[in-house]
Amino acid sequence: QVELAESGGGLVQVGGSLTLSCEATGVIFSIRTMGWFRQAPGQQRQLVATIEMTGATNYAEHVKGRFTISRDNAKKTIYLQMTNLAPGDTAVYYCKADITRLDMGKLSTPTDYWGQGTQVTVLS
């Protein structure tokens with residue numbers, strides 16, 4: 001079964017930096033768009049950044065210039081480098097991936113998979 005696992009979350013002081021990782025495992029045929037989303041308590045989950053297989057990126061306005069998304073296709077892993085963190089960045093960060101599985105020799109339809117999330121807390 002396909003799984004996404006985030007890591008790298010934790011406590012950080014305002015203005016600090018943190019890098020998150022997300023690795024996809026399982027019998028995978030291909031991964032198209034991957035991205036990071038975040039959700040604070042009582043709020044909607046919101047886009048942080050996405051990255052295509054080509055490396056093309058898209059960022060939410062509130063993280064432009066501060067966060068950088070990247071991917072390593074061989075490792076089936078994406079990263080989120082976060083700098084100049086502020087209290088407003090405090091949230092659970094989730095990894096998402098558009099994945100086509102290989103199941104008993106057959107391809108699945110492309111499906112969005114989500115990780116369990118990793119907590120990022122910025123202290124002021």
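Phenylalanine 67 touches Arg38, Val48, Tyr59, Leu80, Gln81, Met82, Thr83, Leu85, Asp89 and Tyr93, leaving aside residues up to four places away in sequence; contact here means heavy atoms within 4.5 Å. The model is predicted, so local features need pLDDT of at least 70 and side-chain atom pairs count only at pLDDT 80 or more, while totals for chains, interfaces and linings use all residues. Residues are numbered from 1 along each chain as its sequence is written, and side-chain values use heavy atoms, with hydrogens and water left out.

- Phenylalanine 67 belongs to strand β7; strands (E, at least two residues) are DSSP runs numbered from the N terminus.
- Phenylalanine 67 counts as buried because its relative accessibility is 3%, where buried means under 20% relative accessible area, exposed over 50% and partly exposed in between (1.4 Å probe, protein chains only).
- Between the C-alpha atoms of phenylalanine 67 and asparagine 84 the separation is 8.7 Å, although the two are 17 residues apart along the chain.
- The largest nonpolar core comprises 31 residues, and Trp36, Leu80, Met82, Tyr93 and Ile99 have the most contacts inside it; such a core is a set of buried Ala, Val, Leu, Ile, Met, Phe, Trp, Tyr and Cys residues joined through side-chain atoms within 4.5 Å.
- Two or more residues of this core come from each of β3, β4, β5 (46-51), β7 (67-72), β8 (77-82), β9 and β12.
- The greatest contribution to this core is that of β9, with five residues.
- Leucine 80 touches Leu18, Thr19, Leu20, Trp36, Val48, Phe67, Thr68, Ile69 and Tyr93, again not counting residues up to four places away in sequence.

**Pairing of strand β9**

- Strand β4 (residues 28-39) pairs with β9 in the antiparallel sense over nine bridges, pairing being assigned if DSSP finds at least two bridges between two strands.
- Strand β12 (residues 118-123) is antiparallel to β9 and pairs with it over three bridges; valine 120 in β12 is the bridge partner of alanine 91.
- Strand β11 (residues 111-114) also runs antiparallel to β9, joined by four bridges, and tryptophan 114 in β11 is the bridge partner of lysine 96.
- Strand β10 (residues 106-107) and β9 pair in the antiparallel sense over two bridges, with lysine 106 in β10 opposite aspartate 103.
- β9 and β10 form a hairpin with two residues between them, and methionine 104 in the turn has a positive phi of about 55 degrees.

**Disulfide**

- One disulfide is found in a search of the whole structure, the criterion being a pair of cysteine sulfur atoms within 2.5 Å.
- The disulfide is formed by cysteine 22 and cysteine 95, whose sulfur atoms are 2.0 Å apart.
- Cysteine 22 lies in strand β3 (residues 18-25) and cysteine 95 in strand β9 (residues 91-103), so the pair ties together parts that are 73 residues apart in sequence.
- The link of cysteine 22 and cysteine 95 is left-handed, with -80 degrees about the S-S bond.
- Both cysteine 22 and cysteine 95 are buried.

**Arginine 45 and aromatic rings**

- The charged end of arginine 45 sits over the ring of tyrosine 94 at 3.7 Å from its centre; the criterion is NZ of Lys or CZ of Arg within 6 Å of the ring centre and within 35 degrees of the ring normal.
- The charged end of arginine 45 sits over the ring of tryptophan 114 as well, 4.7 Å from its centre.
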